[in-house]
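Subject: Structure handover

Hi,

Here is the structure I promised to pass on. Please open it and follow along with the notes below.

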Amino acid sequence: MKRFLFTLLAAALCLTSCMSTKEILYRGQMFGTMKGVGVMLGDDGRNYRFNNNDQMTTNMPASGRIVAIFDVYSLMEGTSNDYEAELLDYVVPLCKEPVVCTTAEEELALGDAPVALTDGVWGGGHLNMLCTALMLPNSSATHTIDLQIVPSENADTLHTILRHNSGEDIINDLTRDSFAEYPFYASFPLDEYLPEGKSTVLEVKYLWDEQWHSVYATISK
């Protein structure tokens, strides 16, 4: 998990590349946390102040996690870490606290429907991922995605499982061809599960194509 694919925002990136005529310092593509209206703390540690917030949708969040593509124009006068930028497009990712199960019933409730980790990156104290889940088109069933923390005696490794509960949409050999792959972003805070000043091996397990897969990365606070 060393990089991140911004597949879902690629169309907006191509369009603005053709239309933009202003000189920019660089183009940012990253997860971040909104710190106010039009202000994002990027996972690179920089503050980005979007000068076109009034042109974006009124649903633009003023807090919480965000995945953004933006052009950076200049370091703002009198600051060392605040940049004037223009937001090109954004997606609000699934963001929720990880789950620690204490009973078999709690673990069963998380589900065992297919979900895949397509790509991911560690940043901003969060495990940031591009995932894929199987969904039934036009279904009204409620699906849930969770990251389960699995306690271990090995303090050097943080074991997690990406879980998908497909609700009333039952996925089996008879129905599988009716489902479609649905890509989405997810961001799970993990800082509280990591020791200070020490690297930890992160394991993410997920069930896809009827097989369990594992991805490993070394992360730290």
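E107 is partly exposed, because its relative accessibility is 34%. The terms work like this: buried means under 20% relative accessible area, exposed means over 50%, and partly exposed is in between (1.4 Å probe, protein chains only). E107 forms a salt bridge with R163, and their closest N and O atoms are 3.7 Å apart. A salt bridge here is a side-chain nitrogen of Lys or Arg within 4 Å of a carboxyl oxygen of Asp or Glu. R163 is buried, with a relative accessible area of 10%. The pair links distant parts of the chain: E107 sits in helix α2 (residues 104–109), R163 in strand β11, 56 residues apart. Helices (H or I, at least four residues) and strands (E, at least two) are DSSP runs, numbered from the N terminus.

Before going on, some ground rules. This is a predicted model, where local features need pLDDT of at least 70 and side-chain atom pairs count only at pLDDT 80 or more, while totals for chains, interfaces and linings use all residues. Residues are numbered from 1 along each chain as its sequence is written, and side-chain values use heavy atoms, with hydrogens and water left out.

**Confidence and overall numbers**

pLDDT is the predictor's confidence in each residue, from 0 to 100. The protein chain has a mean pLDDT of 89, and 89% of its residues reach 70 or more. Residues 1–6 have pLDDT below 50; beyond near neighbours in sequence, this stretch has 30 contacts in the model. Residues 11–18 are also below 50, and that stretch has seven such contacts. Contact means heavy atoms within 4.5 Å.

The protein chain holds two helices and 14 strands. Of its 221 residues, 45% are buried. Take the contacts between residues at least 6 apart in sequence: 67% of them join residues at least 24 apart.

How many salt bridges does a search of the whole structure find? It finds eight. One of them joins D71 and R27, with the closest N and O atoms 2.6 Å apart. D71 lies in strand β4 (residues 64–75) and R27 in strand β1, so the pair ties together parts that are 44 residues apart in sequence. D71 is buried, at a relative accessible area of 2%. R27 is partly exposed, at 24%.

E196 and K221 also meet through their side chains in a salt bridge (3.5 Å, N to O). This pair links distant parts of the chain too: E196 is in the loop between β12 (180–189) and β13, K221 in the segment after β14, 25 residues apart. E196 is exposed, with a relative accessible area of 64%. K221 is partly exposed, at 44%.

**The sheet around β11**

Five strands form an open sheet in the order β7-β10-β11-β13-β14, with mixed pairing. Its edge strands are β7 (99–100) and β14, each pairing on one side only. Two strands pair if DSSP finds at least two bridges between them.

Look at β11 (residues 157–165). Seven of its nine residues are buried, and the strand is mostly covered. β11 pairs with β10 in the antiparallel sense over seven bridges. These two strands form a hairpin with six residues between them. β11 also pairs with β13, in the parallel sense over five bridges. H159 shows both links: its bridge partners are V150 and E203 in β13. T157 stands opposite V201 in β13.

Strand β1 (residues 26–36) and strand β2 (residues 39–42) pair in the antiparallel sense over four bridges. G32 has G42 in β2 as its bridge partner. The hairpin has two residues between the strands, and G38 takes a positive phi near 75°.

β2 then pairs with strand β3 (residues 47–50), again antiparallel, over three bridges. V39 stands opposite R49 in β3. Four residues lie between β2 and β3 in this hairpin, and G45 in the turn has a positive phi of about 90°.

Which residues other than glycine have a positive phi? N138 is one, with phi near 65°. N138 is in the loop between β9 (126–135) and β10 (144–150). It is exposed, at 82% relative accessibility. D209 is another, with phi near 55°. D209 lies in the loop between β13 (200–208) and β14 (211–219). It is exposed as well, at 59%.

Best wishes
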